[in-house]
Amino acid sequence: MGILVAVEGLDGAGKRTIVGRIEQAAAERGASVSSIAFPRYGESITADIASEALHGRHGDLRESVYAMGLLFALDRAAARPLLRQALAEHDLVLCDRYTASNAAYNAARLGQGAESEVVSWVADLEFGRFGLPVPDHQLLLGVPPEVAMGRAVGRAETDADRPVDSYERDSDLQRRVYRVYGELVESNWMSTWSWADGDNAVEQVLAQLN
Ligand SMILES: Nc1ncnc2c1ncn2[C@@H]1O[C@H](COP(=O)(O)OP(=O)(O)OP(=O)(O)O)[C@@H](O)[C@H]1O
Ligand SMILES: Cc1cn([C@H]2C[C@H](O)[C@@H](COP(=O)(O)O)O2)c(=O)[nH]c1=O
């Protein structure tokens, strides 16, 4: 049975980039690794609808914090068998965003913090009702909002398939999300957390394998 590590952070923080580096470093150490990125665009209808809503489609769907949170949660619920299989077959399973993304973004959208009702709702729904595995460790890529937003905008300029969405355009939201993530780290929400910058993220995850 492998361990499940979730990599969290703001839009454009560099999660995908770091997950690739962790995969490579773990494989070089002889560990078998699998990764899964949420939302699962192109594989999950609920993930695709959430993305379309963030790009202005589906009427007022995106205005509802709980409706958006439910779409992201249903994407993960549908991935539960994949996660279980990956954990049975690999030493390390990496998630590029997981349930804490729903906690941080939904609380921030409501102007609330890590102790709020919506964060409990996310935990009850995803770990309780949907039976998703609780991560063994969660890592926050602590790239500040101004830097992360700059990267997201830079990516959009060079990648026509990755235009900024309504969350990424909202600098106040990104600042609030960063604050809630900090509170999730401080309270070790659901499991242990560590705070990483780009340089020590790989070592922090590899340490979990020992
Ligand atoms: N350490 C870094 N320094 C500078 N640029 C970086 C760094 N890491 C990633 N980038 C660049 O920043 C952009 C965002 O990176 P990436 O796609 O890995 O972020 P992400 O956190 O997965 O984003 P999202 O959650 O929005 O999908 C990309 O263009 C990437 O090449
Ligand atoms: C998985 C997940 C994501 N979100 C938010 C975070 C981002 O702003 C968008 C899209 O994700 P991406 O990594 O930029 O493609 O959705 C969320 O609120 N809840 C979630 O569970």
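This is a predicted model: local features need pLDDT of at least 70, side-chain atom pairs count only at pLDDT 80 or more; totals for chains, interfaces and linings use all residues.

**Entry: strand S1**

I began with S1 and S4 (residues 137–141), which pair in the parallel sense over four bridges. S1 also pairs with S3 (residues 92–96), again in the parallel sense, this time over five bridges. I then picked out Ala-6, which stands opposite Cys-95 in S3 and opposite Gln-138 in S4. Is S1 mostly covered or exposed? I found S1 (residues 3–8) mostly covered, with five of its six residues buried.

**Entry: the nonpolar core**

Next I asked which residues have the most contacts inside the largest nonpolar core. They are Val-7, Leu-94, Ala-104, Leu-141 and Leu-184, in a core of 54 residues. A reminder to myself: in soluble globular proteins, nonpolar side chains tend to be buried together.

**Entry: ligand 1**

I counted 13 residues around ligand 1, of which Gly-14, Lys-15, Arg-16, Thr-17 and Arg-151 come nearest. The elements giving two or more residues to this shell are helix H1 (15–28) and helix H7 (145–158). H7 supplies the largest share, four residues. By type, I sorted the shell into two nonpolar, six polar and five charged residues.

**Entry: ligand 2**

Which residues are around ligand 2? I listed Asp-11, Phe-38, Pro-39, Phe-72, Arg-97, Ser-101, Asn-102, Tyr-105 and Tyr-167. Helix H5 (residues 99–109) gives the most to this shell, with three residues. The shell divides into five nonpolar, two polar and two charged residues.

**Entry: the UniProt record**

Last, I checked the annotation. UniProt lists residues 7–192 for "domain: Thymidylate kinase-like", in an unreviewed entry. I looked at that span in the model: its end C-alpha atoms lie 12 Å apart. The span is 57% helix and 10% strand.

Terms used. Residues are numbered from 1 along each chain as its sequence is written. Chains are lettered from A and ligands numbered from 1 in the order in which they are written. A residue is near a molecule or strand if its C-beta atom, placed from the backbone, lies within 6 Å of it. Ala, Val, Leu, Ile, Met, Phe, Trp, Tyr, Cys and Pro count as nonpolar, Asp, Glu, Lys and Arg as charged, and the others, Gly among them, as polar. A residue is buried if 20 or more other C-beta atoms lie within 10 Å of its own, exposed if 12 or fewer, and partly exposed in between; C-beta atoms are placed from the backbone. Two strands pair if DSSP finds at least two bridges between them. A nonpolar core is a set of buried Ala, Val, Leu, Ile, Met, Phe, Trp, Tyr and Cys residues joined through C-beta atoms within 7 Å. UniProt positions are given in the numbering used here, feature names are shortened, and annotations may be inferred rather than shown by experiment.
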